Every structure is written in structure tokens, then in C-alpha cells.
Amino acid sequence: MTVAEESTPSSPTYEYDDDVAAIEGFFERGFTDGMPVIPPTPARVEAMLATSGLAPDAVLGEVPTRNVVVTAEKTAINAVMAGCRPEYFPTVVATVRAFLQPKANAHSTTATLAGAAHAVIINGPVRKEIDVECGQACMGPGFRANATIGRALRLVIRNVCKTVPHVLDRASWSWPLRYSFCFGEDEERSDWTPLHVQLGYEREQSVVTLQSVMNLVQITEFAPEPKGILEGFWQLARVYGLGRDEWAGDDRGIVFLIGLEHSRRFVDDGWTKEQIADELYPKLTAETTGRLDKNLSLASPKNIHIVAAGGPGIASSWLLLPHLSVPTHEAIVAA
Amino acid sequence: MTVLTLDPTTGGVDVGAHLTLAPRPRSLEGQVLGIVANGLGISEVMFDHLGELLRESDGLAGVVKVVKPSVAVPPWPEQWAEIVDNATVVVTGFGGCGSCSTRSMRDALDLEAIGIPSVCVGHDQLLPAVQALARLVGAPDYPMITVGYPHNPTGVWTKEEAAGIAERVVQQVRACLVAPQ
């Protein structure tokens, strides 16, 4: 086999009269999330693959329950369809690898009645290089990198991992976060240690953290000082609770996204992320007292991940409660 | 100018696989029933009652049960070994949610692949997913024993309901685990 052949996609092909016909054809074949996709031509897919330095048949991971092997080629095809620019692809690869780590529990989090989504949290220099929004409106529409990287993961989940509604996607409701849910940490906001550095990576390394999301809980709390704000955090978290899952074990974690109005209160009073987690841990894990006061099964304060994001205005933060999985992370490696 | 596009999928669920099912015993007498329970709701109560019913009516030599560490994962390796080393026929489930139903079917098919007759018990609302999984693994006609409404899919039953479900499915379980007479 020549080098050219090794780098050439080998997926089956479909020919259409033009791009519009291809877009309609992909709807008819059931390849989309309900919105139009960019037709994945061989040239577009090869340009995507080139930024990662991966051969088309490079394996990114597996979903063993479904006999699914996810390759770089299939991931690149879906990244093109999602609207990614080629320079996003190393981040998409890291995202898919994180999703396919065994403890991310890909089969469970995508077939579940609960309709769990997946939050893609990006740290490191890549945020600036590809313009990942970390601040105002970062969880919503309007930002190509955020929207298309998250969408690429969802298309991989659908097309490669066979998670199609009415078949293996059994979500009773599903939810909008399943179209795309990707944002970055606002590392520049303060001197807080970025999440990836807390996880052991170098600050200059770019990293994806993936957290399944069963509940996305908004915590609006106008208390003027840190302990009052955190009281709002743990009181609302305990309305939901988090049960023990033996398989996920001691690595299961939760994520608090700290909004700007909250983080400036913490920073002004000298609170670090670690202090916040230490303050929250005993409150979150204290014994359950009733139907609306349930504890969270967390092994240690290190299982409480603190991420700075969002913009000014409302004094709110968000809690990401997981499905039956643990947060996973992968370094982003470009060619 | 025409546009050539690449297929983004891994081929749906009909991928041409074929699974040979395990040979069935003539009866359950003397067999050891394995139960691979996923802990969904109170379905373990149903399985315990099912085991008792078969022990009394069919002369099982024994029952060995494992409860998986999460609803939609394989058994721990030591649990798998306990089943494979001891059980001669197996029932899995309860397949009452999207991921646990399909995983329970996969457990049954993995046991079939190594020669242990098995059957999965679940809720009829999950049949499309379970049948898709069976097609994926190469057993498109593999039977699943289903329970329907008014019983909640996720195993939120009273103990009386759990026992009643066992009594309703016991004949089907027997029929799936033994050779046609």
C-alpha cells in the first residue's frame, strides 16, 4: 500500500448531483441530527484528518456492547458534517477519545431512558487558537467552535455508535443539550488553577474533559459572600442528590460551573477552587434527611470539579450532575 | 458537477454477523440456573422468586445469582467467572431501561456464544432496542421474554407485583432454556 492509499478514506461513497442534493440525501439516509450537514467529500475529510496526523484507520476507541470500533476516518466524516473547520479536528479527536474511555460508559450514557447529554469542557491554549467561547453566552448558540465540536461528538454518537432514536437511543424525552454542549474554561478570569492543571496536565497542554450530564441545574444565589453563595450551591444540589454506583466507583464526580458574579466574590475574598471544594464536600455528603434533601455520593473533595465560565450579570452558576459515568479527560494532540 | 460523499456510519445494526446459539438441555432437571441481575428497581425480587419457582417445579440442582455493579455494564470479571463456572442455564435482566435492556441482552448473547443457554427478561417497551442489539450480534430471531404495562419499565414494583411477574414468565423462561419437545 502506498502512502497516498494509507491516507485515503475507504468508506462507502454516495454520489449526488450537487451539495443541496447531498444534504437532502443525507436526511433521507438518516445520517443527520435533524439539521442540515456539510456533505463530507473525500477532500474535506482528508483536510480534517491531516490536522490530526492520524491515519484514516486509526482507532479512537470502542463501544464493546455494540461491537463498534470508532476510527479517525469516521470521526472526520462526522466532523465535516457538523461544520467543523479542519483545525478543530484534534479537539474533536480528543473529545471522542474521552467519550470512548471505558469509564465514560458510552453505551449506558447514550442508550439510557434518562437521555443524558455530554458536556465537552476545553482547557488550554487551543481555546484561543480556535476561538472557543468561555465567557458570556458560552453554553448557547453563536460560536462555531463550541457548536460544531459538540455537534461532531453527537453525530459520532449517532452515526458511528449507532445511537438512533427509536432504536438504540431510548431517551424518554432527550433534550436540547444533545445537539451540542461544548465550551471552554475562562482561565484568564482569575489566578485560579485551570481544571486541566488540577488534573495533572501542564498549563500549556490543551485538554478536553468530558462529563455526562443527567441534570443541568442553575443555581442563582445573590448572597454577597462566599459561604452564603456555597450554601445556595449545596442546598440545591441536595434536592437532586447523587446515588452510589459501584461500577463508576470512587472516581465519579460532579462539575460546578462558576459564573462571573460568583467567582469574583470568591476571588475577592481569596478563595481557591480547592477551598470551595473542601467547603462543599461535607455539606454535599452529609446524611440524607428527606425526599428533598438527598446526599451526593462523592469519594473526596477532588471529585468536585470547579470550572470558571460564563459572563457578567445574573449571579448564577451551574451544576452538572452525571449519568452512570466518571469524568474523563484527554490531551489534544495536533499533527 | 456531481458531489461524492463518504458514508458516516458503521453500517447500522444489520452487519452480517451470525451467532450460533447454545444447545438446549431436554429439561431443567439437574441444571444450575444462573441469574445475571442488573439491580434495576426491585427486579432482583422477581428473579429470586423465579429461581424458587423453577427450583420447586423443575428440580434445578441449584441457583447462582450475581448482581452487576451498574445497570448497563457487563458483570465484573469475577461475577462472570462465577456464572460461567457454575451455571448451566442463565436468565438475565431486568431489561427495563434503554441501556440496561440492551446490555442484558448482550449478557445473554455472550453466554450463548460460549455454549450456555440463556434468556433475557425485560419490558416490551424496550423491544426495538433489544431486537436491534440482537441483530447486531447476529441473532435476529433470538427471543426475549417481555413484561408489559401496567408494570413500570424500570422495575418500580411492589414485592407482590415482582412475585406476580415471576409467576407470569416462568413458563416462557423454561421454554426458552430447554430444547423443543
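Visitor: Let's start where the chains meet. How many residues of chain A are in contact with chain B?

Guide: Keep in mind that this is a predicted model. On the chain B side, 27 residues take part in the contact. On the chain A side, the number is 44.

Visitor: Which helices and strands of chain A each supply at least two residues of that side?

Guide: There is a strand in the list, strand 1 (13-16). The helices are helix 2 (19-28), helix 3 (42-50), helix 4 (72-82), helix 6 (106-111) and helix 8 (144-160).

Visitor: And how many residues of the side of chain A that touches chain B are nonpolar?

Guide: Set aside the 12 polar and 10 charged residues of that side. What remains is the nonpolar group, and its count is 22.

Visitor: In which sense do strand 1 of chain A and strand 1 of chain B pair, and which residue is the bridge partner of A:Thr13?

Guide: Strand 1 of chain A and strand 1 (residues 3-6) of chain B are joined over four bridges, and the sense is antiparallel. Look along strand 1 of chain B for the partner of A:Thr13, and you land on B:Leu6.

Visitor: Over to the sheet in chain A. Which strands are at its edges?

Guide: Four strands make an open sheet with mixed pairing, in the order 5-4-6-11. The twist from one strand to the next averages 25°. An edge strand pairs on one side only, and here that applies to strand 5 (182-184) and strand 11 (328-331) of chain A.

Visitor: Which strands of chain A does helix 5 of chain A lie across?

Guide: Helix 5 (residues 89-100) of chain A runs at about 45° to strand 6 of chain A.

Visitor: Last one, on chain B. Why are helix 1 and helix 5 of chain B called oblique to each other, and what is the hand of their crossing?

Guide: The axes of helix 1 (residues 43-58) and helix 5 (residues 159-177) of chain B come within 8 Å and cross at roughly 45°. Angles under 35 degrees would count as roughly parallel and 65 to 115 as roughly perpendicular, so these two helices are oblique. As for the hand of the crossing, it is right-handed.

Methods. Residues numbered from 1 in each chain as written. Chains lettered and ligands numbered in written order. Predicted model: local features only at pLDDT ≥ 70, side-chain atom pairs only at ≥ 80, totals over all residues. Contact = placed C-beta atoms within 7 Å. Nonpolar A, V, L, I, M, F, W, Y, C, P; charged D, E, K, R; others polar. Pairing = 2+ DSSP bridges. Axes fitted to C-alpha atoms, helices over the stretch in contact; angles between N-to-C directions. Parallel < 35°, antiparallel > 145°, perpendicular 65-115°, else oblique. Left-handed = near helix turned anticlockwise from the far one by under 90°.
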